[in-house]
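I opened my notebook to go through this model step by step. Here is what I looked up.

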Amino acid sequence: MAIMSSPLTFQPVLERIAEDIERTPGRGRPADYIPALAACDPRRFGMAVAELDGTVYGVGDWRQPFSTQSITKVFTLALDLAREGDALWEHVGREPSGNPFNSLVQLEYENGMPRNPFINAGALVVTDRLQTQTGDAAAALLDFLRAESGNADLTFDREVASSEAAHGDRNAALGHFMASYGHIDNPVPVLLKQYFQQCSIEASCADLALAAGFLARHGIRADGSRLLTRSQAKQVNAVMLTCGTYDAAGDFAYRVGLPGKSGVGGGIIAVVPGRCTLCVWSPGLDERGNSVAGVAALDRFTTLTGLSVF
């Protein structure tokens, strides 16, 4: 049963969710294929909700910075879409993949064009295009996140970026394979460096909930300027709903009912258009790369509040 009666009740909702999560026995395992993330404690948990005016509520480790990883793909997509418009979709699709996020299989029988911007191949294409547009895609992303979150201290985690580069053979293979089909403009080593930097940004639940606010405000940034048209904001939210949690997007839509994007650092952002944005973090992942406690917390949030796109 929904217990929301006004925005002021977000805090007790979050506290109730934290109590429920604390009693949850299984939390999954951190991403051990990225050595810099393997030591994270899977019992840690934080959650934040940001309203349209920038008011933020939080619980647990909601101000603890963590590795954003694939969550940043949402912001890179928005930044490039704002510059290129519909021309972007000539280079990357909008369909769920049904395969692991780092799969090479579909690229081969689909002529090197990625299914969507949130699998690794698609994110590499979007980063490549933003690199062409800006000359420094990772810096453009960081500047945007700092501005939208109001946190000028956000930065790259050099240890994580180096760790990913040292174990990035699959991403390099994706990049070179797409380049062979003419889908990559920049030298692959330059693209990979930008991509690993992008994924290494550290931010807290509060930072990311605030930074994603433009998607709840239908494309309007925190300063009142417009980043995306209303239609483009809808497009990003739609692709998040159908593709944002790797090959578990259908289950996520079924359980949570919100546009969302996860990262293997254990974070998930979610959007309630016209109302608020959320970010939850807990580093223990399921077999598909999504935070076990994070998905459970968002499930509880939509159940308790009645806030959903359905």
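Which residues touch the most other members of the largest nonpolar core? I found Phe75, Leu228 and Ile269, in a core of 48 residues. A nonpolar core here is a set of buried Ala, Val, Leu, Ile, Met, Phe, Trp, Tyr and Cys residues joined through side-chain atoms within 4.5 Å. Buried means under 20% relative accessible area, exposed means over 50%, and partly exposed lies in between, with a 1.4 Å probe and protein chains only.

I noted the ground rules. The model is predicted, so local features need pLDDT of at least 70 and side-chain atom pairs count only at pLDDT 80 or more, while totals for chains, interfaces and linings use all residues. Residues are numbered from 1 along each chain as its sequence is written, and side-chain values use heavy atoms, with hydrogens and water left out.

**Entry: Ile269 and the cores**

I listed the contacts of Ile269, leaving aside neighbours within four places in sequence. They include Ile71, Val74, Phe75, Leu208, Met240 and Leu278. Contact means heavy atoms within 4.5 Å. Another core lies apart from the largest one. This other core has 28 residues, among them Val13, Val256, Ala270 and Leu307.

I needed the element rules here. Helices (H or I, at least four residues) and strands (E, at least two) are DSSP runs, numbered from the N terminus. Two strands pair if DSSP finds at least two bridges between them.

Is strand 8 enclosed or open? Six of the six residues of strand 8 (residues 276-281) are buried, so this strand is largely enclosed by the rest of the structure. I checked both faces. Cys276, Leu278 and Val280 lie on one side, Thr277, Cys279 and Trp281 on the other, and all are buried.

Strand 7 (residues 267-272) runs antiparallel to strand 8, and six bridges join them. Gly267 stands opposite Trp281.

Glu51 has Cys276 as its bridge partner, and Ala48 has Cys279.

**Entry: strand 1 and strand 2**

Strand 1 is largely enclosed by the rest of the structure, because six of its six residues are buried. Gly46, Ala48 and Ala50 point one way; Met47, Val49 and Glu51 point the other way. Five bridges join strand 1 to strand 2 (residues 56-60), and the two run antiparallel. Ala48 stands opposite Gly58 in strand 2. This pair is a hairpin with four residues between the strands. Gly54 in the turn has a positive phi of about 95 degrees.

What is the strand order in the open sheet of three strands? I read 3-5-4, with antiparallel pairing. Strand 3 (66-67) and strand 4 (155-156) are the edges, each pairing on one side only. Two bridges join strand 3 to strand 5 (residues 201-203). Phe66 has Ala203 as its bridge partner.

Helix 9 (residues 188-200) lies across strand 3, strand 4 and strand 5. The helix runs at about 15 degrees to strand 5. For this angle, axes are lines fitted to C-alpha atoms, for helices over the stretch in contact, and angles run from 0 to 180 degrees between N-to-C directions. Helix 9 is mostly covered, with ten of its 13 residues buried.

**Entry: positive phi in loops**

Most residues other than glycine have a negative phi. I found Asn111 with a positive phi near 55 degrees. Asn111 lies in the loop between helix 4 (105-109) and helix 5 (120-134). His218 has a positive phi near 60 degrees. His218 sits in the loop between helix 11 (213-216) and helix 12 (230-243). At 24% relative accessibility, His218 counts as partly exposed.
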